[in-house]
Amino acid sequence: MLQIKHLNMVHKKDLRSLLEDFNLVLNNGDKAVIIGEEGNGKSTLLQWIWQPDLVAGYCEASGERILANQKLGYLPQELAPLDSPKSLYEYFTEETMFWEYTPKELGQLAGTFSLGVDFFYSSQPMGTLSGGEKVKAQLLRILLSKPDILLLDEPSNDIDLETLAGLETLILEWQGIVLYISHDETLIEHTANVVVHLEQLRHKTACRYTAARMPYEQYRSERLSRFENQARIAANDRREKKLREEKFERIYQSVAYAQASISRQNPAKARLLKKKMHAVKSMERRFARQDQEMAQMPEEESSLFFKLGGESSKLPAGKTILDYTLEKLCTPDGERVLAEHIRLHLRGAQKLCIIGANGAGKTTLLHKLAKELLARTDIRAQYMPQNYEELLKPSMTPVDFLDASGDKETRTKIRTYLGALKYTADEMDHTISELSGGQKAKIFLLKMSLSNADVLILDEPTRNFSPLSGPVIRKLLKEFPGAIISISHDRKYISEVCDRVCRLSKDGLTDLDAL
């Protein structure tokens with residue numbers, strides 16, 4: 001059992017409440033997903049459950065965490081910097097229980113993520129692994145420790161499509177508790193039986209949470225139905241209120257006019273009108289009581305509203321965007337050949353997704369494509385890397401990064417756009433290092449929009465957006481009038497946005513039917 005009682009969390013810098021009187025009980029067999037928009041405190045909550053002191057630097061937290069002698073296993077969103085220079089072998093052997101496993105057992109465990117037993121003994125530094133390989137390594141070390149409760153922050157990030165199936169099986173078959181954050185809607189739909197929804201309302205001045213014991217699709221459907229019903233009742237009450245007010249105004253004006261017009265020589269009629277005005281005032285008080293009982297419009301944390309691309313982003317159908325040939329794709333250090341005989345031709349406003357196994361070289365290839373496309377003058381290309389810090393400067397604010405001119409009008413415009421992307425005024429002045437992954441991704445979206453780009457190069461574009469924002473992001477990208485070259489393991493993104501899918505393997509790129 002995992003129980004959280006009366007947890008309160010307040011962000012130290014802007015004094016924003018993330019959670020108020022949060023209570024949750026999970027039992028063996030529960031697969032609970034934490035959802036919510038970017039920056040709502042999902043990772044902070046998971047870190048506090050794992051080790052309350054982890055959040056002390058930026059968050060005031062008070063509450064009780066109760067464990068029934070159960071062992072926790074925690075997957076952070078990013079690999080710890082101290083682990084980056086360690087070899088895989090060093091990383092795994094730091095888990096004392098590693099030595100209790102036989103090679104056969106290690107091989108079976110590695111097979112969960114389509115790996116061989118030699119993965120445990122590799123001398124390759126952790127920092128040189130692909131994003132998906134880092135996730136797999138961290139998950140394997142957690143499993144080596146034989147925890148009872150899994151706390152997973154974005155376990156689906158960067159892992160390939162084949163491994164996603166193994167992750168789903170792992171979660172579904174776990175006998176203990178799984179509490180996880182994910183932006184992969186398909187994974188959530190297939191595995192979650194409890195939904196914990198964190199919301200920030202009224203421009204992030206109020207917080208709300210919901211804990212529902214039901215699958216995600218049911219939760220989403222019931223929530224939408226409940227909101228629509230409440231909105232209908234509230235709209236009807238407001239129509240009735242308007243009619244009441246119009247009726248009251250007519251009566252009040254009539255009586256007030258009669259009182260103003262009555263002659264002093266007619267005291268009997270004046271007394272009658274005075275009684276009528278008392279009745280009118282009584283009616284006003286009755287209407288005020290009815291107004292207090294009106295159904296309120298439902299409060300909902302709305303998804304971001306934004307447009308990507310316009311008329312200037314349209315591309316002629318016959319325009320060659322890319323005609324690329326590469327005989328050998330090697331690792332960045334040049335020591336290993338990843339793929340050979342790569343050919344890629346892209347024309348017009350195609351939306352391409354490159355898939356493949358972790359470590360196949362997808363990000364390395366996209367780096368090369370980006371370098372070539374960004375140097376072109378006949379197109380306007382923009383690039384979103386997998387590691388945002390490649391282009392973002394952690395010490396800068398979002399406004400400073402998006403505009404270095406200092407022009408007041410331009411900066412006001414940028415702040416308006418950031419507001420449309422659900423940034424608060426305080427968050428606009430936070431350094432980029434303080435922002436969540438999703439908030440950093442929004443900076444790239446805005447940069448792409450402001451640049452009027454007609455070619456987007458995107459490495460895992462949906463990986464840091466909540467399942468509630470996901471449909472909006474996919475719609476933006478689907479309706480983008482230019483070309484998209486992307487890497488993704490997001491099954492909904494691939495099926496809804498991409499009209500062309502290529503698999504990267506040792507033999508190069510192979511066109512597939514859209515998944």
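Select strand E3 and strand E8 (residues 194-201): the two run parallel and are joined by 4 bridges. Two strands count as paired if DSSP finds at least two bridges between them. The model is predicted; local features need pLDDT of at least 70, side-chain atom pairs count only at pLDDT 80 or more, and totals for chains, interfaces and linings use all residues. Residues are numbered from 1 along each chain as its sequence is written, and side-chain values use heavy atoms, with hydrogens and water left out.

Highlight Ile 34, whose bridge partner in E8 is Val 196. Within E7, Leu 179 is the bridge partner of Ala 32. Strands of a sheet pair through backbone hydrogen bonds, either parallel or antiparallel.

Why is strand E3 (residues 31-35) largely enclosed by the rest of the structure? The reason is that 5 of its 5 residues are buried, where buried means under 20% relative accessible area, exposed means over 50%, and partly exposed lies in between (1.4 Å probe, protein chains only). Now show the side chains: Lys 31, Val 33 and Ile 35 point one way from E3, while Ala 32 and Ile 34 point the other way. In a regular strand the side chains alternate between the two faces of the sheet.

**The open sheet E2-E1-E4**

Move to another group of strands. Here 3 strands form an open sheet in the order E2-E1-E4, with antiparallel pairing. Strand E2 (17-26) and strand E4 (59-67) are the edge strands, each pairing on one side only. Select strand E1 (residues 2-11), which pairs with E4 in the antiparallel sense over 8 bridges. Val 10 has Glu 60 as its bridge partner in E4.

Most residues other than glycine have a negative phi. Select His 6 in strand E1: its phi is positive, about 50 degrees, although it is not a glycine. Is His 6 buried or partly exposed? At 46% relative accessibility, His 6 counts as partly exposed.

Then go to Glu 154, in the loop between strand E6 (149-153) and helix H5 (161-173). Glu 154 also is not a glycine and has a positive phi of about 60 degrees. With 2% relative accessibility, Glu 154 counts as buried.

**The whole chain**

Finally, zoom out. The chain has 15 helices and 17 strands. Its C-alpha atoms fill a box of roughly 110 × 65 × 45 Å, taken along the principal axes. Of its 515 residues, 50% count as buried. Among contacts between residues at least 6 apart in sequence, 72% join residues at least 24 apart.

Methods: Contact = heavy atoms within 4.5 Å.
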